[in-house]
Amino acid sequence: MSVTIDNVKKIAKLSKISLSDDEVKSFLTDLNKIIDWVDQLTDVDTDKVSPTFSSFGLEEDTNQRNDVIKDGGCRDAIISNAPNSEDGFFLVPKVID
Amino acid sequence: MSNLLKGKTGDWEIVIGIEIHAQIISQSKLFSGSSTLFGSEHNTQVSFVDAGMPGMLPVINSVCIEQAVKTGLGLNAKINNFSIFDRKNYFYPDLPQGYQISQFEQPIVGNGEIMIDLDGNTIKKVRIERLHLEQDAGKSLHDQHPSYSYVDLNRSGIALMEIVSMPDMSSAEEAQAYIKKVRNIMKYLQTCDGNMDEGSLRADINVSVRKPGNELGIRCEIKNVNSIKFIGQAIEYEAKRQIDIIEDGKVIKQQTRLFDPKKGQTRAMRSKEEAHDYRYFPDPDLLPLVFTDEFVESIRKTLPELPDLKKQRFVDEYGLSPYDAGLLVSEKDTADYFEIAATGSNSKLVCNWIAGELFSFLNKENKRIDESPVTPVNLGKLINLIDNGTITGRIAKDIFEMMFKSGDDPMTIVDSNNMRQVSDEGEIEKIVDLIITSNPDQVKALEIKPNLMGWFVGQVMKETQGKANPKAVNEILIKKLIIKD
């Protein structure tokens, strides 16, 4: 399996990243190297192995918490991470569907 | 019953499938401890998890799991003892993580089915494909600033159940009945408040058309239609649009459309085919959800009586018609109101008064039944006063109006306004005599027009302000005017 120029452009588009032609070529090389490396996994016979959803093993259940409010109410701290904000709102370039 | 639509080339069948997004009733969010309260100041119910900050990890809310299982059981569905969470990747400013945690291949609830009620008596089965848990996104406000959108993340991370139906509905009415039924079941279960105005319940409608018996046609998805009425309008418009296109020899484009309530039309959303590449993969931050059968059974034991069973019980226990029983159970609050009012009073009369006077007053004042100034206990008392002859049915309507205004006990109103029924024959006779002597022309006319009798009854009622016992009035009038002894 190898990555094509079109794959790279599509991934960039889905990620809302604009790439120059040179960058596309460079990412094409990098992504193909990654895929080739991961491709080694296809050598392993997994016909009798169930999918691994976590490294804790199949029987391990997810950790749960009680339904209690003990977070939030920290608008200033949350908003302080935003590059742009106004009146307690995050401000982003206008997006309309 | 036929749901076929007529076109230029013959009959068409509409095929409808519905995805409902139902907000789970819980104090805190699906994966964080922030509050879910509606209408709070923007961005005050946001934790670092909800804001998608690096390194923050989701921890699942046990109540949300129970609510989803409960809803699954209410939809007669298979509960999956093993399910996993996946990341649905897409880019949008109100989705700070860059992905929504959802369930893709292995949802918490599998196949189910519900019965929907159509025009009172007909019942149709609609199959449920699945129910899965997922996070809600935040909210973008586009009209606050000329060049920027505002983002409020209060809703980000609130637990939703996505309930997907099979394409089993074939008319706007069936689709509406389906949504009403699912909403009603969730309200009985108290797993979702069903409030479409506040967005606690949202529906995406998939519509396609085909010639009866043919393969399924190409479908369009109508997004976020936010009222039962609009859902009907959107389906009717969309089906007609698709039939026109096919009959003109063109092909339907599979697309996502929006309903415009002002125009009553659907229109294509800006094309974003690429966005449908969600690149789902299992979320490595969350372990699978594993249930024992005992856990599922322990939830099953907490289920309340659901609408279908309640309806049957109302028929059996109170002797109501299936139509009346269906009407009462269609809202849990109405069914509860009825049961309190009917305790120790005539249940058929209680039902009639709820469906008649009470609904009409509530509609006029735009109140819900749980806000009714006439308590169910007081309605029961009023009906007992009619039933035991203390007041007439006619005066009961006046009393009801006063009860609706003041919230008073009916007996207090009867006593302080001297509204007891007059059954004393001597007293009624005196009034009848007076009316006969002062209306000789009408007495004469009665000989050729027997239905003038009603006019005499009306006069006596007017004279007694509706308090005379109608049976006694009739008997005395017949004795004096027909038999003439």
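This is a short chat about a predicted model, covering chain A, then a sheet and a helix pair in chain B.

Me: What helices and strands does chain A have?
Reply: Chain A has three helices and three strands. Along the sequence they follow the pattern α-α-β-α-β-β.

Me: How much of chain A is buried?
Reply: Of its 97 residues, 22% are buried.

Me: And what share of the chain A contacts between residues at least 6 apart join residues at least 24 apart?
Reply: That share is 30%.

Me: Switching to chain B. In what order do the strands of the open sheet with β5 run?
Reply: The order is β6-β5-β16, three strands with antiparallel pairing.

Me: Which of them stand at the edges?
Reply: β6 (99-102) and β16 (281-282) of chain B do. Each has a single partner strand, so one side of each has no neighbour in the sheet.

Me: How many bridges join β5(B) to β6(B)?
Reply: Four bridges join β5 (residues 86-89) of chain B to β6(B). In one of the pairings, R87(B) has I101(B) of β6(B) as its bridge partner.

Me: Now the helices. At what angle do α12(B) and α14(B) pack?
Reply: About 120°, with the axes of α12 (residues 425-438) and α14 (residues 453-463) of chain B 10 Å apart. That angle makes α12(B) oblique to α14(B), and their crossing is right-handed.

Me: Which residues make the contact?
Reply: α12(B) contributes I431(B), V432(B) and I435(B), and α14(B) contributes F456(B), Q459(B), V460(B) and E463(B).

Me: How do the residues of that contact divide into nonpolar, polar and charged?
Reply: Five are nonpolar, one is polar and one is charged in the contact of α12(B) with α14(B).

Conventions: Residues numbered from 1 in each chain as written. Chains lettered and ligands numbered in written order. Predicted model: local features only at pLDDT ≥ 70, side-chain atom pairs only at ≥ 80, totals over all residues. Heavy atoms only, no water. Axes fitted to C-alpha atoms, helices over the stretch in contact; angles between N-to-C directions. Helix = DSSP H or I, 4+ residues; strand = E, 2+ residues; numbered from the N terminus. Parallel < 35°, antiparallel > 145°, perpendicular 65-115°, else oblique. Left-handed = near helix turned anticlockwise from the far one by under 90°. Contact = heavy atoms within 4.5 Å. Nonpolar A, V, L, I, M, F, W, Y, C, P; charged D, E, K, R; others polar. Pairing = 2+ DSSP bridges. Buried < 20%, exposed > 50% of the residue type's maximum accessible area, 1.4 Å probe, protein only.
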